[in-house]
Amino acid sequence: MSARTAPVSAPEVPAARPESPAVGLVGVATMLGSGLANQTGAAIGSLAFPVLGPVGVVAVRQYVAAVVLLAVGRPRLRAFTWRQWWPVMLLAVVFGTMNLSLYTAIDRIGLGLAVTLEFLGPLAIALAGSRRRADALYAVLAAAGVVVLMRPRPSADYVGMTLGLLAAVCWASYILLNRTVGQRVPGAQGSGAAAALSALLFLPVGVVLAVRQPPTAEAIACAVAAGILSSAVPYLADVFTLRHVPARAFGLFMSVNPVLAALVGLVGLGQGLGWAEWGGIGAIVTANALALRGRGTGSGTADGSGT
């Protein structure tokens with residue numbers, strides 16, 4: 001989930017068609033639109049932080065994600081066995097924790113840095129267990145980027161950075177759990193059930209916030225926009241994209257999301273970054289892209305971002 005973060009597992013779609021120049025342009029445009037929608041949604045959601053806080057914004061986003069994925073997946077909950085339920089329940093907890101840690105990190109360290117640190121999750125999955133020398137070099141490159149981003153300085157917010165790394169751990173766990181759920185639950189039923197459970201976990205949060213401090217219409221609108229742009233739009237865009245774009249190309253383009261997040265943070269929120277931060281982001285993005293390219297497939301990060 002980049003702020004896309006909570007990527008749901010890639011939808012089951014037919015193999016990509018051979019790319020013609022026109023289809024290639026359409027695929028690239030769709031991927032770019034999906035990425036921008038995802039990061040723009042996170043930026044708009046952050047505008048509601050002063051009223052709802054990151055927890056409130058995530059709660060609303062989880063509600064929106066549940067509505068979308070329940071409509072798409074239509075899970076038959078009564079037919080689930082315990083063997084299907086336990087990974088779905090773990091997925092729900094990880095889903096909520098991932099978005100909460102990411103949005104809290106965005107509140108503290110900004111959109112670009114938070115999303116970049118979160119991207120270490122899928123990168124770790126791509127590199128895990130590899131014996132290729134090239135992958136070791138990519139790991140070193142990514143580590144160098146992390147060192148640059150987390151270097152000691154007076155303005156460093158290590159709590160926010162730690163939350164970004166927690167989001168990365170959650171994303172890696174999310175990918176692995178999604179694989180398990182995808183093997184045990186047909187279609188998108190598992191994602192729908194997990195999203196619904198996650199929304200239920202955040203329901204008390206929404207009630208408490210509404211009673212304590214009734215939110216403004218503007219804040220609710222921003223939070224709902226975050227849910228739509230960072231959940232519904234990416235998911236539907238990815239369903240379309242994966243019909244026209246090879247999985248490897250899709251995975252490689254996903255690597256650009258930290259750059260998109262930094263640009264959206266700069267233009268939309270005025271969150272400027274220094275040359276060192278841009279260098280750290282570039283190192284992590286490059287390591288992720290090279291690792292995926294060498295493997296020939298996406299790392300399972302198709303989110304749909306990840307609702």
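**Note on helix packing in the predicted model**

1. Helix 2 and helix 3 (residues 82-109) pack with their axes 10 Å apart, at an angle of about 150°; axes here are lines fitted to C-alpha atoms, for helices over the stretch in contact, and angles run from 0 to 180 degrees between N-to-C directions. Helix 2 is therefore roughly antiparallel to helix 3 (under 35 degrees counts as roughly parallel, over 145 as roughly antiparallel, 65 to 115 as roughly perpendicular and the rest as oblique). Helices are DSSP runs of H or I, at least four residues, numbered from the N terminus.

2. This is a predicted model, in which local features need pLDDT of at least 70 and side-chain atom pairs count only at pLDDT 80 or more, while totals for chains, interfaces and linings use all residues. Residues are numbered from 1 along each chain as its sequence is written, and side-chain values use heavy atoms, with hydrogens and water left out.

3. The crossing of helix 2 with helix 3 is right-handed (the near helix is turned clockwise from the far one by less than a right angle). On helix 2 the contact residues (heavy atoms within 4.5 Å) include Phe49, Val58, Arg61 and Gln62, and on helix 3 they include Phe95, Asn99, Tyr103 and Asp107. By class, this contact has 10 nonpolar, four polar and two charged residues (Ala, Val, Leu, Ile, Met, Phe, Trp, Tyr, Cys and Pro count as nonpolar, Asp, Glu, Lys and Arg as charged, and the others, Gly among them, as polar).

4. Helix 2 (residues 49-73) also meets helix 9: their axes come within 8 Å and cross at roughly 40°. That makes helix 2 oblique to helix 9, and the crossing is right-handed. Among the residues in contact are Val57, Arg61, Val64 and Val68 of helix 2 and Ala223, Gly227, Ile228 and Ser231 of helix 9. The contact of helix 2 with helix 9 divides into 15 nonpolar, three polar and one charged.

5. Helix 9 bends by about 30° at isoleucine 228 (the angle between axes fitted to the seven residues ending there and the seven starting there). Ile228 is also one of the residues that touch helix 2. At 1.5 Å a residue, the 25 residues of helix 9 (residues 217-241) should span 36 Å, and the 34 Å between its end C-alpha atoms agrees (expected span is 1.5 Å times one less than the number of residues).

6. The axes of helix 5 (residues 120-127) and helix 7 (residues 158-184) come within 7 Å and cross at roughly 50°, so the two helices are oblique to each other. Leu120, Gly121, Pro122 and Ile125 of helix 5 meet helix 7 at residues including Trp171, Ile175 and Arg179.
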